Amino acid sequence: MTTDAVDLLIIGAGMAGLTAGARAVRDGLSVAITETGTDVGGSARFAGYAWTAPDHDVMDEHNPRGDTALKRALVDRFADGIAWIRSTGVEAKDAQRILSFGRGHQFDTNHYLDTCRRLVLDGGGEVLLETDTDRLVVEHGAVVGADLRVADGTHRRIRARSTLIATGGFQGDLALRTAHVHPRADRMQLRSNPHSTGGGYRLATQAGAATGDDNAGFYGHLIPSGIPFADGADFVDMSLYYSEHALLLNLRGERFVDETQGDHLTAMELLDQPEGRGLLIADARVFRDWIIGSYVEGAVAVDKYALASKRGGRVGLAEDLDELAYLPEEWGYDADAVRDAVALFNKQVAKGRQPVPGRKLDRLPLDEPPYYVIETVPAITFPFHGVRIDDRARVLGEDGRPLAGLLAAGSDTGGLWHRAYAGGLASALVFGLTAAETAAEQAHRS
């Protein structure tokens, strides 16, 4: 086994890992990055916006049970994160509204990820692809590096003053999903890269890391049922973002959630419903204003109803409200109840009453035929359960104290989100930069 030494060893070459690596070499640190895949980037390759809540009050309103210190750090350091992106030569556009409450910036994530890799290499760092991390090396209670299996089959030990876990979560591992997300989480399609299978989570917990709440939920979106993702572009094209303006009904034909909170949250609620599937119903207004429109300014508009129909999904078009009672029997829904639920909703909101469940935002009736029906299921991008960290990206042990030498950032971490969400890319950016700063402090002390 060959042995080398660096200031910062990074396990995982996605948004968090590459951000940390590029920042660290700019600060004069020696860096090595390992990645199990054949290329860098991870799930960030499929993203396009870094966004979060604009201030602490909004963050607390939309994510009340998240870790307070992590929430504060994300909001306070987000502007510096955008400034960092721009400092690499990558354009980050002016701030714009994201969802009903967020603010963020569109940027070319592929350009950014490739730029970070180039900065690491130009700064004398190393990027090892198709490399597995067998274990963390722990000496006298401190993590001092890791043992690796590199692409050519040889073994290598890299000693490091700081080691950063940034492997992107465990959404690709069915056993971890059912254990820590939901008993039926293994049924969901994977809306992310396939390499995030819990490698970082296992390494950290084996070293004594504490983890977050098993009931924290997951980030994902509603997608049409029965249609496998063909490629990464489907992660956006097949996501039914317009659901916050439609109605979502379960097998019994009942509304069960405030749809206007966004499908990234209603996806969690749908997983709790019978068989984890439901009907998303829109009228001509929603179709015109939201289904065939851009979800956020600058995004490419995709007719998601037409795409789901073309790809063989369960879709239907009802020329009037009564036709909703003629859903195909084999779908298994109480069709009369579906029709009645839409009619009741329309009656309630037309009279200015709050429907049940409540509806915080779009309370316009769905009374402009025809009606567009898509059967929908949740898909997972990453879990909210993960390794606990403090606001300096230091991994915490079961006693709440930092584990010496070990850092974590991105989707491997837990505690920031609890059945709520305000920007995964922003979190990876902010805590990737924070991890680099903490590693620099450690290197300068050594």
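Pro 370 lies in the loop between α11 and β15, in a predicted model where local features need pLDDT of at least 70, side-chain atom pairs count only at pLDDT 80 or more, and totals for chains, interfaces and linings use all residues. Residues are numbered from 1 along each chain as its sequence is written, and side-chain values use heavy atoms, with hydrogens and water left out. Helices (H or I, at least four residues) and strands (E, at least two) are DSSP runs, numbered from the N terminus.

The peptide bond from Pro 369 to Pro 370 is cis, with omega near 5°. The loop between α11 and β15 (371–383) also holds Pro 357, which a cis peptide bond joins to Val 356, with omega about -5°. In general, most peptide bonds are trans, and most residues other than glycine have a negative phi.

Ala 393 is found in the loop between β16 (387–388) and β17 (394–396) and is buried, with a relative accessible area of 0%. Arg 419, in the loop between β19 (413–414) and α12, is partly exposed at 27%. Here, buried means under 20% relative accessible area, exposed over 50%, and partly exposed in between (1.4 Å probe, protein chains only).

Helix α12 (residues 424–445) has 22 residues. From first C-alpha to last, α12 reaches 31 Å, close to the 32 Å expected at 1.5 Å a residue; the expected span is 1.5 Å times one less than the number of residues. Helix α12 is mostly covered, as 17 of its 22 residues are buried.
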